[in-house]
Amino acid sequence: MLTSAEALVVLRALPCAARALDVLADYKDAWIVGGAVRDALLGRVDRGRLVDVDVVVEGDPEPVARALGEVVASHERFGSYEVVAGDCVFDVVRARTERYDAPGALPDVTPAGLEDDLLRRDFTINALALNAAGVLHAAPAAQEDLAAGRLRVLHAASFRDDPTRLWRMVRYAVRLGFAPEPGTQQYATEAVRAGALETVSGDRLGTELRLALSELDPLGVLHAAQNQRLVSGLDLDPARVAQALALLPAEGARPDLTLLGAVIPDGAWAAGYGFTAAEQRILDRCAALQPVMASPPAAPSEVAARLRGEPVEAVAVAGAKGDPETAGLYLHRWRHVGLEIDGHDLIAAGVAEGPDIGRRLAAALARRLDGDLPPGRDAELAAALDAAP
């Protein structure tokens, strides 16, 4: 583990953290806190991922927030500000204590000093604060737990007060390679058994699920979550997931939904996690679309007719469950085949308006896909006019 001075050097090499430190140099009661400090002390900061920096201020946080960049949102209840400066996002909060009136509820907050603020956090390894001068403050056992690779909650009711910390525990365990210490594991098991997650809204659980899917090893996090009984019913086949992701087009697709769609038993599984209607449709089709099969052999036009209109994520999953080669041909070649002519050309050639227009265009497209039609408007128009009405 690095010293605080070495961690400060690590943070100054990162544009967003460096900007925060430059501003914080003018505010003696302002500190970078949480994950950025943790990862800097571990020497594990990913330059491409550290764009969100958490700042805690003893006293009024507004001057610090406005010095950092543009305030895009504020929450008076929590004394917090969301600040944007270029690609950087800063969460600036007043140092506080928290009290939970009911399990899973949002906390009531009271302004406090830095030491009390550190004690309200989820795990000791995140209860770390570093200022621009390189002074490190840590909750009891924080540095020892960080050096030993331990996850430890700061009080016995932590998971009951905020059950989303159960998801954070499995994410940190997989990302950092840390393990919960026995007491924390017992608290987590007891919280799950007591139904703690049922006290949290679907939207908040959905946020945690999305964070899990954005991890570098999302499948590992889902495995850990299922082992911890945070979720159930997932078929976590790594080969199927890898194949589905490999089939996915590089542009305009959702790897996170593809991964989730490859492991859920049905679309209803995701219904309680606050997905948008468009996202839910993708997950529904991922679960419901039958595997793409190569036997018996099907013409490209038949495959395209069956898959046209399906989300690319669902086709990738269906290919991973069946024949990936056929699914890949559709995703990367056949779905892009089109005609140069349209209905106006057929009407100009004497075909009456109506459903027959669509049938003739579909017949010409099928011949294009199956290689029975040379490219060009003339050939396409002749094929469409020759098609049986």
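Author: Let us begin with strand pairing: two strands pair if DSSP finds at least two bridges between them. Helices (H or I, at least four residues) and strands (E, at least two) are DSSP runs, numbered from the N terminus. Here, Val-56 stands opposite Val-93 in E5, and Val-57 stands opposite Arg-94 in E5. Strand E2 (residues 52-57) and E5 are paired in the parallel sense, with six bridges.

Reader: Before we proceed, what kind of model is this, and how are its residues numbered?

Author: The model is predicted, so local features need pLDDT of at least 70 and side-chain atom pairs count only at pLDDT 80 or more, whereas totals for chains, interfaces and linings use all residues. Residues are numbered from 1 along each chain as its sequence is written, and side-chain values use heavy atoms, with hydrogens and water left out.

Reader: In what order do the seven strands of the open sheet lie?

Author: The order is E3-E4-E5-E2-E1-E8-E9, and the pairing is mixed. Strand E3 (70-75) and strand E9 (136-138) stand at the edges with a single partner strand each, so one side of each has no neighbour in the sheet. On average, neighbouring strands of this sheet are turned by 25° against each other, direction ignored; the axes behind such an angle are lines fitted to C-alpha atoms, for helices over the stretch in contact, and angles run from 0 to 180 degrees between N-to-C directions.

Reader: Which strand pairs run antiparallel?

Author: Among them are E1 and E2, with three bridges, and in that pair Ile-32 has Val-55 of E2 as its bridge partner. Strand E4 (residues 80-85) is antiparallel to E5 and joined to E5 by six bridges; there Val-83 is partnered by Phe-90 of E5. The hairpin of E4 and E5 has two residues between the strands, and Gly-86 takes a positive phi near 65° in this hairpin. Strand E8 (residues 128-130) also runs antiparallel to E9, through three bridges, with Leu-128 partnered by Ala-138 of E9.

Reader: How many disulfides does the structure hold, and which cysteines form a disulfide?

Author: A disulfide is a covalent bond between the sulfur atoms of two cysteines. The criterion applied is a pair of cysteine sulfur atoms within 2.5 Å. The structure holds one disulfide, formed by Cys-16 and Cys-88 with their sulfur atoms 2.0 Å apart. Cys-16 lies in helix H2 (residues 15-24) and Cys-88 in strand E5 (residues 88-94), so the pair ties together parts that are 72 residues apart in sequence. The torsion about the S-S bond of Cys-16 and Cys-88 is about -85°, and the disulfide is therefore left-handed.

Reader: Are Cys-16 and Cys-88 buried or exposed?

Author: Buried means under 20% relative accessible area, exposed over 50%, and partly exposed in between (1.4 Å probe, protein chains only). Cys-16 and Cys-88 are both buried. In H2, seven of the ten residues are buried, so the helix is largely enclosed by the rest of the structure. Contact means heavy atoms within 4.5 Å; the cover over the buried residues of H2 includes helix H1 (4-12), strand E1 (30-33), E2, helix H4 (62-68) and E5.

Reader: Where does Asp-345 lie, and with which residues is Asp-345 in contact?

Author: Asp-345 lies in helix H18 (residues 343-348) and counts as buried because its relative accessibility is 18%. Apart from neighbours within four places in sequence, Asp-345 is in contact with Glu-340, Arg-377 and Leu-381. A polar contact is a pair of N or O atoms within 3.5 Å; within protein, one must be able to donate a hydrogen and the other to accept it, and residues adjacent in sequence count only if both atoms are side-chain atoms. One of 2.7 Å joins the side chains of Asp-345 and Arg-377.

Reader: What of Glu-380: is this residue buried or exposed?

Author: Glu-380, in helix H20 (residues 377-386), is buried, with a relative accessible area of 0%. Beyond residues up to four places away in sequence, Glu-380 touches several residues, including Glu-340, Ala-364 and Arg-368.
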